[in-house]
Amino acid sequence: MKRIIPDLEFEKEISRKTLYDYQLEDLGKIFKALKEMPEGSNLLYQLPTGGGKTVVFSEITRRYIEQTKKKVVILTHRIELSRQTSKMLTGFGVANKVINSEVKEWDDQDEYSCFVAMVETLNNRLQEEKVSINNIGLVIIDEAHYNSFRKLFKYFEEANILGVTATPLSSNIKLPMKDHYQKLIVGRSIKWLIENEFLAKAKLHTYDVTLRSLKLGIHGDYTVKSSDEFYGAQSMLGKLLSAYEEIAKGTKTLIFNNGINTSLYVYQTFKKAGYNIRHLDNRSSTAERQEILEWFSNTPDAIVTSVSILTTGFDEPTVETIILNRATRSLTLYFQMIGRGSRIIPGKNEFNVIDLGNNIARFGPWDEPIDWQEIFHFPDFYLENIKNDEDIEREFVYEMPAELRAKFSKSKNIDFDVKEEYKKVFAQGLKSKLVLERSIEQHAQICVENSEDVFDARMLAKELKDEIAYRVRQYSYCIMNNTKNYKEWLEEDYERKLRSSISKKFAEMM
């Protein structure tokens, strides 16, 4: 596959720190709101991942300091974001100082008009009362949906606070953002940014996954333990590898997992299959992380399997495939993960998204318009109406992958509608098990039609495992017996009867 290399002129353009028209438009709205709101007010600004939030608030910082002669504090929740923000501010000509764990006192604060700090570090310094920042007029909070920032609000009661986020939905349902921000300004949508060639288009690929075994934790998302058990199983590891080989083989790929054990299993599975893969998690040292990410950047077919580390503060424009090897009920995390592949560069205007967690069905397509004002003002209503896993499973429609479909090219029709068949059987007063018998007959027929002998047909039948699981699940919904054990028994019985039916058909032919 062609290697994607960032264009030098493109990088020079970025280094000039020029703002696009839509960013300037948002800049005007923000300054207008700050001017109209009383001192001490809090304003929230939404712009999708990849839309240039750091560029916008860096220019806001420059203009604010120039116009008011007051200082600006920018808060982040990770050291990588602090460094990136400081570098961007320097590019805008803003004299800034990073407040990290090494900075104990600020004797030189008069030399700077802007301070970039991690939340915990700044909170500790202010609590110790060893330092104070004078003449602060504006506090900018990056990734404002996190709640750790709220503890600092009391130190800046006279300053305006500008929160910046791609998803104005609090990470804690008990602390809605509308309680701390008076107004939300919404930037351009993902769809608009794609249509105007500021973001790459996502090619979405979904797979049928039953998530009944996953458990929800106290924070409202799926637990690591239940996710590790589900995604660490051989069946799911096999499904992941097949999905990669079908959709994304040879592309630069990021795989997101919920647990470290899962990620290590993924690493071992792909390594055994001969693929170029590395594992990364939050226990990795800074040096190890830098080495892996540099390798990832320079290797065309590189795969990184990761856990809770590359969703923010990571920007690799050459990523071609995102694999969601996990389920989440966090809208923010959903957008953050997919957003890692959305950077557009010369030679890349689209990227793959492979979803193995029903996330697209849960939240909607990544580029689908979202009413952020409604979510901001009525977060409880939005959260209560997120689709549950059972509803998602009921609505899922299985489509045979093109590669598998090609193996049944001699059959005119490979489809079988379980629900429609059940309606016919029910209307005729016949036993419901006739539905599965007819389904088995249809599967056996297409396997025989496309095979030379009984052994080929049985091998072909094994490749129908996903479709068999789907048909069994549809049948179980019809008869209202959807227990896990019952479905597993039905699948095993179906596969056994299918093998028997294939043998009978070849015996009759002879």
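The model is predicted: local features need pLDDT of at least 70, side-chain atom pairs count only at pLDDT 80 or more, and totals for chains, interfaces and linings use all residues. Residues are numbered from 1 along each chain as its sequence is written, and side-chain values use heavy atoms, leaving out hydrogens and water.

**Stop 1: the sheet.** Select the 6 strands of the open sheet, ordered S8-S13-S12-S9-S11-S10 with parallel pairing. Strands (E, at least two residues) and helices (H or I, at least four) are DSSP runs, numbered from the N terminus. Two strands pair if DSSP finds at least two bridges between them. At the edges sit S8 (201–206) and S10 (277–280), each pairing on one side only. Neighbouring strands are turned by 20° on average, direction ignored.

**Stop 2: S9 and S12.** Select 253–257 and 321–324; S9 and S12 pair in the parallel sense over 4 bridges. Ile255 stands opposite Ile323 in S12.

**Stop 3: the helices.** Contact means heavy atoms within 4.5 Å. Next comes H9 (260–272), touching S9, S10 and S11, at about 170° to S10. Axes are lines fitted to C-alpha atoms, for helices over the stretch in contact; angles run from 0 to 180 degrees between N-to-C directions.

**Stop 4: Leu464.** Jump to the loop between H19 (454–462) and H20 (465–478), where Leu464 is found. Leu464 counts as buried because its relative accessibility is 0%; buried means under 20% relative accessible area (1.4 Å probe, protein chains only). Leaving aside neighbours within four places in sequence, Leu464 contacts Met400, Phe408, His443 and Cys447. Show Leu404 too: its C-alpha atom is separated from that of Leu464 by 8.7 Å, with the two residues 60 apart along the chain.

How values were computed
Buried < 20%, exposed > 50% of the residue type's maximum accessible area, 1.4 Å probe, protein only.
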